[in-house]
Amino acid sequence: MTGALVRVVRSGVGRRRVQTVVIAIATMMAVAAAVVAGSLMVVSHAPFDHAFAEQNGPHVTAEFDPAKVGAGQLGATGRLDGVTASAGPYPLTILRATDSSGRQPPAMTLVGRTGPHADVDDLDLTSGRWARKSGEIVLSSSYEGPAFTVGDTLTASDTTLTVVGFATSAARTADGWATPAQVRALASEEHPVTSQMLYRFDAAGSKSGIAAARKKLLAAVPSGALLGTRSYLDTKRAADTGAAPTIPFLVAFGVLGIVMSVIIVGSVISGAVGTSLRRIGILKAIGFTPREVVRAYVAQALVPAGVGIALGVVLGNLLAVPLLDDTEQAYGTATLSVAWWVDVVVPAGALLVVGIAALVPAARAGRLRTVEAIAVGRAPRTGRGQWAHRAAGRLPLPRAVTYGLASPFAHPVRTLAMLLAVAFGTIAATFAVGLTCSLNEVNAIQDPQDRSAVTVFTGGRTVAGGEHVPAPGTPEPEPADPAQVSAAIRAQAGTASYYGMGQEDATVAGVSGTVRATLYQGDSTRGAYAMISGHWLTGAGQVVVPGQFLESTGTEIGDTVRVTVGKRTAVVRIVGEAFGTSDDELEIQANIADFPATRPREFLVDVKPGVSAPYYAKRLAARVEPLGADARANSPSEQDNFVFILNTMAALLTLMLVCVAGLGVLNSVVLDTRERVHDLGVCKALGMSPRQTVSLVLASVAGIGVLGGLVGVPAGYALHGFVLPVMGHAAGTDLPRSVLDVYDVPQLLLLGLAGLVIALLGALLPAGWAARARTATALRTE
Amino acid sequence: MTAVIELKGVGKRYDTAGAPALGPLDLSVAQGEALAVTGPSGSGKSTLLNLVAGLDKPSEGTVTVAGEQVDRLGEHALARFRRERIGMVFQFFNLLDDLTVLDNIQLPAQLTGASRRRTQARAHELMTVLGIEKHARAYPGRLSGGERQRVAVARALVNRPALLLADEPTGALDSVSGQDVRELLVDLHRGGQTIVLVTHDPALAEACASRTIHLVDGHVALDSRSEAVR
């Protein structure tokens with residue numbers, strides 16, 4: 001590039017500072033959005049595989065009897081033919097602990113390791129630190145127990161364990177880790193210490209490969225020493241099922257982000273070059289060749305865009321951190337990071353878009369006859385948008401407003417880009433609001449039992465985890481008589497309604513294995529699941545099932561099925577398909593009257609309005625404790641972690657896309673205002689006040705905002721209607737209408753206004769600038 | 001006779017270190033007077049006009065126009081002042097190309113919030129007087145230079161301003177159109193309109209103005225009323 005050309009580029013960049021800054025910022029935000037969107041799309045693809053590879057996860061997790069095979073012999077199994085890496089042996093035991101409130105979380109697999117790092121299963125310590133001494137425990141992030149935090153305590157066999165950290169194992173080799181000595185100390189007769197070995201094999205891509213590997217292990221140790229193995233393929237299947245619902249959601253946001261970035265960058269750059277035609281004419285008049293002009297203007301666009309792109313990559317990586325943290329939690333996988341190639345492809349793509357967007361108008365300017373280029377801005381404009389001014393002039397609105405309303409028609413391409421930016425921002429906002437409402441609704445309906453104010457436990461073991469257990473050393477009481485408990489609840493002042501519930505393993509003709517049967521006594525309407533079709537239980541002889549049940553048994557509503565609970569078999573009619581998010585076990589709901597031997601394990605009670613649930617529970621507990629039962633008030637249902645994560649991600653992504661849309665509008669209005677600065681100067685010279693000037697500029701985007709809202713809201717609504725069922729199917733369920741039909745009319749109207757708000761916010765800055773511009777200076781501007 | 005413009009000790013510096021672009025000077029323009037401001041490029045003609053129109057603020061002194069001290073007005077008050085008290089005619093017309101002739105003329109009246117009926121009636125009245133009624137629905141780009149300047153004059157007069165400011169009104173016109181505009185200004189002056197006319201053209205000044213001042217380096221070198229040479 002010649003010295004003269006360099007000076008032209010430098011002065012062009014420096015002279016239009018506002019535009020240069022806007023190009024840099026808009027490009028930065030668009031690139032940041034694309035980096036985030038691209039990263040999310042990348043991690044959505046096979047999240048387990050990525051995490052597993054990063055941690056060098058074990059293809060086979062094996063458990064050995066230390067009484068039959070020593071550590072030396074186990075170490076030697078790591079050198080077997082086909083084994084590429086191994087770790088262990090680690091002592092392992094099953095821990096049944098109680099938390100500080102006396103509840104017993106699900107049993108956990110506890111493994112003794114001196115640190116998180118190893119050749120195989122290289123753990124990610126996500127918070128806190130590793131266990132250094134006895135009395136300390138590190139919990140797995142994927143442990144399916146109650147939510148613990150660092151500092152919480154667990155008690156087992158008179159030993160108190162303090163949670164000192166959380167770690168993630170992609171292969172889920174344990175629920176918790178402690179020092180090897182601590183694990184050995186916690187072992188009991190019921191749960192003796194075993195040895196865990198972790199292996200990677202050179203051929204482990206299929207079930208047959210895993211089976212062959214297992215055979216090798218079996219042959220390498222004494223008979224009976226290998227207690228069991230677990231294949232990473234099973235863990236992968238479970239992890240992929242868990243991650244599946246997030247994929248359509250992330251892809252939707254990812255596509256929105258990338259498309260929007262391309263539109264914004266394209267419109268920003270082409271608009272900036274397109275407004276410089278007169279300067280281009282002057283350059284040609286003083287001797288620049290068309291090619292030099294094109295090079296100068298492409299370079300002039302690339303300088304601020306290049307800075308924006310570089311900053312955008314940095315910002316995108318920073319923004320991606322919290323989102324990827326959330327994704328990690330949603331996937332239960334190890335540390336996710338922005339893929340290196342996203343950091344290469346996105347800026348390269350952005351540069352390409354910038355180059356093309358600059359080249360087209362620059363080439364046009366290069367071809368323009370010099371005299372025509374110089375005349376731009378001086379000669380009267382003709383044609384475009386005049387009809388709009390004529391029509392708007394007839395509206396019964398202030399003249400400044402009608403003048404502004406007609407302005408967008410003078411630049412249809414720029415207006416279209418602005419419209420698309422606003423529409424995409426509105427789509428993102430509409431989709432995110434719908435998604436949040438849907439997820440909250442899922443959260444509200446997936447555990448209908450949580451709606452009750454008080455739960456009465458009749459005693460004894462229950463199926464679900466987290467049950468109340470007697471203090472260590474005290475004998476387990478006899479279960480209370482449900483009839484007496486029921487009578488006590490009925491007699492208790494403040495009782496509004498209640499129903500009994502028990503859970504048993506059941507077998508259903510045509511279904512292999514057992515299903516979980518929840519059996520209801522009394523009017524269980526209050527505990528009814530959301531129905532996808534059919535109705536909830538209204539009496540005996542009925543059963544409500546999830547969609548998976550209908551699918552796997554080939555039945556439909558109205559069919560009868562044979563259900564056996566204990567020794568009792570009943571033929572019941574399927575009356576409804578219930579919504580359920582349980583993906584690991586089939587569950588059916590039926591009336592306890594069909595299985596008379598079953599006793600309710602819980603009574604779920606609603607209290608009358610104005611009655612304090614804790615007070616009621618205390619009074620009722622005093623009444624039912626002598627019967628062998630217990631009553632406690634239910635705490636308000638907490639938001640499911642997964643729902644919380646998705647809501648947070650949706651909020652962050654929407655905020656980012658709305659910001660990008662606003663910047664797109666800002667840039668277009670800056671360009672428009674600069675181009676019209678002379679006309680605005682004329683208007684001000686004729687007596688247009690600063691307020692009227694602001695009205696004019698804001699009105700020039702108001703129509704676009706309204707139209708963007710009108711386009712964006714139905715599109716966002718449709719996107720929600722498309723993505724939600726896909727998310728549901730990925731989770732293995734249909735969704736009830738209450739989850740899908742979450743928008744109401746006032747909400748949609750407000751979302752429609754979002755387009756207007758995005759447009760007005762984007763235009764506010766240049767509107768203020770136009771109002772403050774000195775009239776004399778504006779009049780001299782050509 | 002009442003003074004429409006009263007400048008007292010008015011000076012303007014764009015650069016604190018350099019020489020003043022204008023003044024300090026005192027100037028009074030009476031109602032019904034047509035003042036021509038002449039002088040070479042850079043003599044301060046446009047600066048003077050901008051100060052009178054409230055488009056710029058003086059560095060020193062006071063500017064009073066039609067009873068309002070312009071240099072003390074805020075932006076909102078200045079806008080009101082411009083739309084109600086003065087009309088401006090520019091060398092390059094400064095018509096809005098997107099608007100028809102009728103809409104251009106009506107614009108200042110519409111900015112005051114005047115009723116549609118009133119503004120239309122006034123615009124048609126001016127178009128008739130200025131002979132451009134047949135172009136009411138046309139766009140400025142289709143008119144000749146002289147016709148465009150007539151539209152600009154009509155726009156300047158739509159709010160019946162106390163003062164008409166014209167900045168090189170014939171500077172961009174051919175001789176026939178220039179003559180046309182010259183006659184128009186003469187007619188306006190005869191009708192009692194107070195005019196301040198900035199021009200390079202001595203013939204225009206002589207034809208239209210009842211008084212001429214000649215600026216050199218920001219100072220009044222000649223005032224035809226006093227014939228005082230500084």
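Student: Which residues does Ala33(A) touch, leaving aside those up to four places away in sequence?

Tutor: In this predicted model, and with those sequence neighbours not counted, Ala33(A) touches Gly257(A), Met260(A) and Ser261(A), as well as Met656(A), Leu657(A) and Val660(A).

Student: And what about the largest nonpolar core, how many residues has it got?

Tutor: That core has 241 residues, and Ala33(A) is among those with the most contacts inside it, together with Ala421(A), Val456(A), Val563(A), Leu657(A), Val665(A) and, from the other chain, Leu197(B). Its largest share, 18 residues, comes from helix 15 of chain A, which covers residues 412-445.

Student: OK, and which residues are included in the second, separate core?

Tutor: The second core has 23 residues, including Tyr90(A), Ala97(A), Leu110(A) and Leu154(A).

Student: Switching topic: how many residues does each chain bring to the contact?

Tutor: Chain B gives 24 residues and chain A gives 24 residues. On the chain B side, the elements that supply two or more residues are helix 2 (75-85) and helix 3 (101-111), with helix 2 of chain B making the largest share at six residues.

Student: What's the make-up of that chain B side by class?

Tutor: The side of chain B that touches chain A has 10 nonpolar, eight charged and six polar residues.

Student: Last one, where in chain A is the pLDDT below 50?

Tutor: The mean pLDDT of chain A is 79, with 84% of its residues at 70 or more, but over residues 460-475 of chain A the value is below 50, although that stretch has 21 contacts in the model beyond near neighbours in sequence.

Note on methods: Residues numbered from 1 in each chain as written. Chains lettered and ligands numbered in written order. Predicted model: local features only at pLDDT ≥ 70, side-chain atom pairs only at ≥ 80, totals over all residues. Contact = placed C-beta atoms within 7 Å. Helix = DSSP H or I, 4+ residues; strand = E, 2+ residues; numbered from the N terminus. Nonpolar A, V, L, I, M, F, W, Y, C, P; charged D, E, K, R; others polar. pLDDT = per-residue confidence, 0-100. Core = buried A, V, L, I, M, F, W, Y, C linked by C-beta atoms within 7 Å. Buried ≥ 20, exposed ≤ 12 C-beta atoms within 10 Å, placed from the backbone.
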